[in-house]
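Have the viewer open and follow along point by point.

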Amino acid sequence: MESAAPQSIVPRVISLNVGGIQDVEWRGETIATAIWKHPVAGRVALHGVNFAGDDQADRTVHGGPNKAVYAYSREDYAYWREVEDMQTPDGFFGENLTVEGVNLSLAVVGEQWSVGSTILEIAQPRLPCHKLGIRVGDPHFLKRFLAAGRPGAYFRIVREGDVGAGDEIGLVSRPAHGVTLRGMVEALNDSDRALALRDVPGLPEFWQRVAAGR
C-alpha cells in the first residue's frame, strides 16, 4: 500500500475489538455508550453494519453504513503515548480494527481495502463526540484529538465476510481525486479544501454540507 508507513512493516490488523452498550456515570449523568471495545480472539463475522458482538448506543450519530467499521493505527497511538503521555491499549479509542503499517491520515477517501475475506471502503474521518471524552476521562480531549490530526478512518462495507487479528491489509483500488482523510478534516476550516470535496463521490450527508460551504 502506498500510504503504508515504514515499508518493512506489512499492513495488517493487530487487534479486532468489539463492545456492547453499557451505562456509565459521567458528570452526574448516566450515559449509554458502546465506546468501550475489547480485543477478541479468532475470526469475527462482519455483516450488515457491524462486527458480530459489536454495537452502538446512538445510531443517529454512530454506526450505520458510512461508519460501519472504525480503524485506528498503532503508529497514531504511539503519538498519544510518547507525546501526550497517555496509556493507549488496543481498542482504547473505540476502534474495531487496530492496524499497523498504514498511514490512515493520508488514506484517500473511497479507497478500498481487502481485510480478511471482507472488502472495506474508506468513507470519512472521525469527528469526535463527547463520548470519546468520557472514555478518556477528559471533557476537553475532543479539541486535543482534532488538533493532533490523527482521526482514524471510518469504513463502509463493500463485501461482507470475516476478519481476525493478524490479517494482512491489501489495497484493492484508490480513487484519482486524491482527497485524504486529513484533507477532509482540514476542509472544516479551509474553503479551498472544502471545494475539493466536491470531486469525491458518495460523500456522507455532513460532508456534502461542508463541500457546499454550509
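1. One term before we start: contact, or touching, here means heavy atoms within 4.5 Å. Also keep in mind that this is a predicted model. With that in hand, look at Phe155, which touches Pro65, Asn66, Lys67, Ala68, Val69, Ala71, Trp113, Leu120, Glu121, Ile122 and Ala123, leaving aside residues up to four places away in sequence.

2. Phe155 also turns up in the largest nonpolar core, which has 34 residues. The members that touch the most others there are Phe51, Val69, Leu97, Trp113, Phe155, Met184 and Leu197. Apart from that core lies another, of 14 residues, including Tyr70, Tyr79, Trp80 and Ala148.

3. Next, the sheet. It is open, has eight strands with mixed pairing, and its order reads S4-S1-S8-S7-S11-S10-S9-S13. S4 (38-39) and S13 (169-173) stand at the edges with a single partner strand each, so one side of each has no neighbour in the sheet.

4. Now zoom in on S8 (residues 97-100).

5. What about the partners of S8? S1 (residues 12-18) pairs with S8 in the antiparallel sense over four bridges, with Val13 opposite Val99. S7 (residues 69-73) runs parallel to S8 and is joined to it by three bridges; here Ser73 stands opposite Val99. Between S7 and S8 the chain passes through helix H1 (residues 74-82), making a right-handed β-α-β crossover. H1 lies across S1, S7 and S8, at about 60° to S7.

6. S7 also pairs with S11 (residues 153-159), antiparallel and through three bridges. This brings us back to Phe155, the bridge partner of Val69.

7. Last stop, helix H3 (residues 141-148). Its buried residues are Phe141, Leu142, Phe145 and Ala148. These cover an arc of only 130° around the axis, which is why they sit on the same side of H3. In an α-helix there are 3.6 residues a turn, so residues three or four places apart point the same way. Lys143 and Ala147 are exposed, on the face of H3 turned away from its buried side. The cover over the buried residues of H3 includes S7, H1 and helix H2 (130-136). After H3 comes Gly149, with a positive phi near 70°.

Notes: Residues numbered from 1 in each chain as written. Predicted model: local features only at pLDDT ≥ 70, side-chain atom pairs only at ≥ 80, totals over all residues. Heavy atoms only, no water. Core = buried A, V, L, I, M, F, W, Y, C linked by side-chain atoms within 4.5 Å. Buried < 20%, exposed > 50% of the residue type's maximum accessible area, 1.4 Å probe, protein only. Pairing = 2+ DSSP bridges. Helix = DSSP H or I, 4+ residues; strand = E, 2+ residues; numbered from the N terminus. Right-handed = clockwise from strand over helix to strand, strands pointing away. Arc of directions from axis to C-beta. Axes fitted to C-alpha atoms, helices over the stretch in contact; angles between N-to-C directions.
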